Amino acid sequence: MVKQKTFEWSLERGDLLPLLMMLPTLLVILFVMVFPLVYGLLLSFFTIGFGGSLSPDSFVGLDNYLQFFTDPVAMKATLNTVLFSFGAIAGDFVLGTLVSLGLLKLRRSASVLIRPIVTMPLLVSPVVVGLIWRYIYDPKGILYYFLGKIGLGISNFPGVTAASTSLLSTIIAHWWQVTPFVIIVLTAGLLSIPEEYYEASKIDGAGPFRTFFQITLPQLLNVYVVIMLVSGVDTIKIFDLIFALTGGGPNNSSISLSIYAYSQAFEQSNLSYSIAISILTMLLTFCIFGIPFIKHNLSKGNR
Amino acid sequence: MRNSVRKVMCMAMVACLALGGVFAGGKTETSDPGKPNLLVSVWAGPHADLQKEVSSTFTKSAVTIDDVDYGSLKQKQLTSFQSVSGSGNYDVVWVNSQWMKEYTDAGYLLPIDGYLKAAGIDTSIYAKGLFDGCVFNGQTYGLPTFAQTMIIAYDSEAFEKAGLAVPKNADELIAVAKYFKERGTGIALPAKQGTAAVTLFSQLLFSDGGYYFDGNGKLDIASDKAVQAAAIYDELVKYSVEGTLAWHHDEVAEAVRMKDAPIGLIMSGLANQNADPEKSLIVDTVKYAPLVGRSGIAAATNSFWVWAVAKNSANAQAAADYVIWMTSYDVEKKQTLADQQVSAINELSKDPEILAKAPFLPAVMQQLAAGKIDPPLANFGKLKAALVVSLSEIASSDSAPADVMKRLQADLQGVDFSK
């Protein structure tokens, strides 16, 4: 019979050193990330407002979560959030790809000048973006000035003043701000594609569309996945831009989950329900963007 | 070449630092070693600069004013109330009257009766309707100031040209709005999804003798008077200037000031800007009138602010001294003369010096006298939030006001409004 060798911890040998080295980081993660999340989860099983305390009387179990699924405003906010997220990411991808490809075709002197200008909106905070676009969408603003030049007006595109176009209007403002981020990342991706691939496709007589779909797009797939994850998380929790631009209206047509959670916490003093909404938003983000990202990484690992 | 690059970099750094200083937030400090330091939270509204200036003359404490935009003010105050005493939390808070019930229920504010008694303050100098909004369960939690109400502001020149008279009831107001709408402008009013629209609706409701609840305290938001107020609101939106569906109070006041609208329903707290030649094109022609209901009576949704002491303040005595000083006759008069804020002190509204400076004061006082306050009920926030959406639906769709109000009444049937 073979005797199994057991590991003996030795302080003298410094076996605990790696653990001690990691301890500060683990403590920070525990207190800054894990503890607030667990405490938030706990609060969501009660019904309390700001200043309230946890007591057996205020325990409601899963009621806040069940209420969410029967609350028409919460359902509308969920739909709006998902629509906003997909609309925003789709536009970011298309516009970002077109602009980054266009910038690569420019002469170096021109692209050096234009690239910083194009990426400038990225430096503006979302609240300020909301205020800028509020003036753009104003009936006396620049949008309606140009629409007026082609015979159109606020009745043709009511912008933030109508339920039918308010969400789209916020998505357009988001494109303006976030496309520069996509341009920067995609440009880096485009520059990493070996030039030989394009030379070979040219020799084979491939046109620009075929070259794009058979070389550029597959080579950029990983970059798109990363952008989708970053933008996805960013758009699902959208708050400041919509809050500044429409306040969630008209008639809740542009209300997002984060705005609804804010309204529940700070306007209706319903902290527990607000936390439940936030936790469900987190789960929604994980389902829509986290799971595909994990699957993508696993499939890459298998390959 | 290298020197010029260095110079450019230095200039850029200086510019960045200067801009950083400009945008580094709204904290203004008047420090003096040996005195207690007070951190005061106020709304970064049109009076914040004056509050800072006035506070700098307070001799008993060193005051730091933190002025925050309205959208973030309550959130920041609530966060401060949760902080440990003496950890940089607010000592004094400028509280919207509508938040008082929530704050006192949660135990965030300190009762100041003892401090008022010790300082020999006669609270009867304050308008009763406003002072009562600071008293909960028999204890005083602050002192009222800066009363606001929605009034009519109009360009008298445009009215003269059109041969129009000042509207004396809601039907005349709608007719005036229609007249201007047919000529390319219309009335300016807040119709963005938000609480400003509720303020307008409530004033129309109160002016015609209505209320949110019936005599037994049961929700009555689909009553004839409530439906009538919603219908008047709907008509006014129909004849409003293009873009009002995206306007809150500030945009409405600006539209009137910049002559984009010859008539507007503005908050009295913003009326002082009409007299500023740098901001207004109607300095010499602006006039004011009460916002009347169909009955011809004007009643305000009494909205005001309260100077209160945070319970977690480490300098309660100094904070109470500051609150008492800020709401004293002389300091209130100084502020009213400087930027025409409406004080809660009754006598000030009769002061000829002030009346000459604030021509909108008679309209405001008329409305405040007949005004009502929103009920201090735990679930009133739910009604208000639902009203925000319902009024937005009325303004932005073809839904009939009566149907919307009936649906609202039905949706809120299960909500407890008894306490």
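**Confidence first**

Analyst: Happy to! In chain A, confidence is lowest in helix α4 (residues 108-119) of chain A, with a mean of 84, and highest in helix α2 (residues 63-70) of chain A, at 95. That confidence is pLDDT, the predictor's own score for each residue, from 0 to 100. Helices here are DSSP runs of H or I with at least four residues, strands are runs of E with at least two, and both are numbered from the N terminus.

User: What is the mean pLDDT of chain A?

Analyst: The mean is 89, and 97% of the residues of chain A reach 70 or more. This is a predicted model, so local features need pLDDT of at least 70 and side-chain atom pairs count only at 80 or more, while totals for chains, interfaces and linings use all residues. Residues are numbered from 1 along each chain as its sequence is written, and chains are lettered from A and ligands numbered from 1 in the order in which they are written.

User: Ok, how many residues of chain A are in contact with chain B?

Analyst: 23 residues of chain A are in contact with 23 residues of chain B; contact means that the C-beta atoms, placed from the backbone, lie within 7 Å. Helix α11 (residues 257-267) of chain A gives the most to that side of chain A, with three residues.

User: Is α11(A) buried or exposed?

Analyst: Eight of the 11 residues of α11(A) are buried, so this helix is largely enclosed by the rest of the structure. Buried means 20 or more other C-beta atoms within 10 Å of the residue's own, exposed means 12 or fewer, and partly exposed is in between, with C-beta atoms placed from the backbone. Among the buried ones are A:Leu257, A:Ile259 and A:Tyr260.

User: And what lies in the loop between α10 and α11 of chain A?

Analyst: A:Pro250 lies in that loop, between α10 (240-245) and α11. A:Asn252 has a positive phi of about 65° although it is not a glycine, and A:Asn252 is buried, with 23 other C-beta atoms within 10 Å.

User: Switching to chain B: where is B:Asn137?

Analyst: B:Asn137 is in the loop between β5 (135-136) and β6 (139-140) of chain B. Its phi is near 50°, a positive value in a residue other than glycine. B:Asn137 is exposed, with 8 other C-beta atoms within 10 Å.

User: How many helices and strands does chain B have?

Analyst: Chain B has 17 helices and 12 strands. Its radius of gyration is 23 Å, close to the 22 Å that the globule rule gives for 419 residues, so chain B is as compact as a globular protein of that length. The radius is taken over C-alpha atoms, and the rule is 2.2 Å times the number of residues to the power 0.38.

User: Which strands form the open sheet in chain B?

Analyst: Four strands do, in the order β9-β10-β8-β11, with mixed pairing. Two strands pair if DSSP finds at least two bridges between them. The edge strands, β9 (187-188) and β11 (286-289) of chain B, each pair on one side only. β9(B) runs parallel to β10 (residues 263-267) of chain B, joined by two bridges, and B:Ala188 stands opposite B:Gly264 in β10(B).

Notes: Contact = placed C-beta atoms within 7 Å.
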